[in-house]
Amino acid sequence: LSFISKTENNHDFYSSQTDEDFMNMKFKKDYDIEQLNRLEQMSKEMLLNEYVLMERKNETLEAKLEDVKVGEEVNEEKGGDLENRNAFIEEDLSEKIVLFQQEVESLFTENKRLTDENAQMKKRINPNSSSSSDNPSSSSSSSSSSSSSSE
């Protein structure tokens with residue numbers, strides 16, 4: 001019984017594959033018929049425009065194909081130098097890593113310097129900020145003395 005079900009599953013697979021092929025062929029046939037109908041309904045001027053458009057597309061595709069062929073030829077020529085290219089890339093990467101590490105160290109040093117400079121400027125701007133916060137009465141007495149001198 002299991003043999004029969006396996007055979008039926010295989011039959012379903014092959015029939016679905018055949019159905020798919022049939023649908024593809026039917027679609028292509030219908031598409032070609034519609035394409036012909038569309039072209040038959042066009043005027044001569046429209047057909048010429050369509051032809052020019054197709055020529056441009058063809059030229060573009062041919063240029064792309066040529067670029068791909070040239071690229072493949074270059075890759076094949078460089079294939080022998082693969083080890084040399086890998087060594088060059090590794091050397092280049094290690095140089096870049098060293099440069100980046102130096103840049104990070106330089107930025108860290110500059111950041112530290114700017115932080116210290118910022119702290120010094122804050123101290124210059126508010127030299128009494130720590131003493132005035134400790135003694136709130138001194139600020140009120142200075143304000144009262146300044147108000148009495150102005151009267």
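Some ground rules. The model is predicted, so local features need pLDDT of at least 70 and side-chain atom pairs count only at pLDDT 80 or more, while totals for chains, interfaces and linings use all residues. Residues are numbered from 1 along each chain as its sequence is written, and side-chain values use heavy atoms, with hydrogens and water left out.

Confidence comes next. The average pLDDT, which is the predictor's confidence in each residue from 0 to 100, is 78 for the protein, and 70% of the residues score at least 70. Over residues 131–151 the pLDDT is below 50, and beyond near neighbours in sequence that stretch has zero contacts in the model; a contact means heavy atoms within 4.5 Å.

Now the make-up. The protein has five helices and zero strands. Helices are DSSP runs of H or I with at least four residues, strands are runs of E with at least two, and both are numbered from the N terminus.

How much of the protein is buried? Buried residues make up 1% of the 151 residues. Buried means under 20% relative accessible area, exposed means over 50%, and partly exposed is in between, with a 1.4 Å probe and protein chains only. The protein exposes about 14,200 Å², and carbon and sulfur atoms supply 56% of that. Those areas come from the Shrake-Rupley method with a 1.4 Å probe; for residues, only the protein chains shown count as cover.

On to charges. A salt bridge here is a side-chain nitrogen of Lys or Arg within 4 Å of a carboxyl oxygen of Asp or Glu, and the count comes to five.

One of them joins K26 and D30, at 3.7 Å from N to O. Both lie in helix α1, four residues apart, about one turn of the helix. K26 is partly exposed at 43%, and D30 is partly exposed at 35%.

Another joins E50 and R38, with the closest N and O atoms 3.2 Å apart. E50 lies in helix α2 (residues 44–78) and R38 in helix α1, so this pair ties together parts 12 residues apart in sequence.

In helix α3 (residues 82–125), D92 and K96 are about one helical turn apart, and they form a salt bridge at 3.7 Å.

Last, the patch. F22, M23 and M25 form a nonpolar patch on the surface, with about 360 Å² of accessible area together. Patch residues have over 30% relative accessible area and no salt bridge; like charges are joined within 9 Å, and nonpolar side chains (Val, Leu, Ile, Met, Phe, Trp, Tyr) within 5 Å. F22 sits in helix α1 (residues 2–40) and is partly exposed, at 48% relative accessible area.
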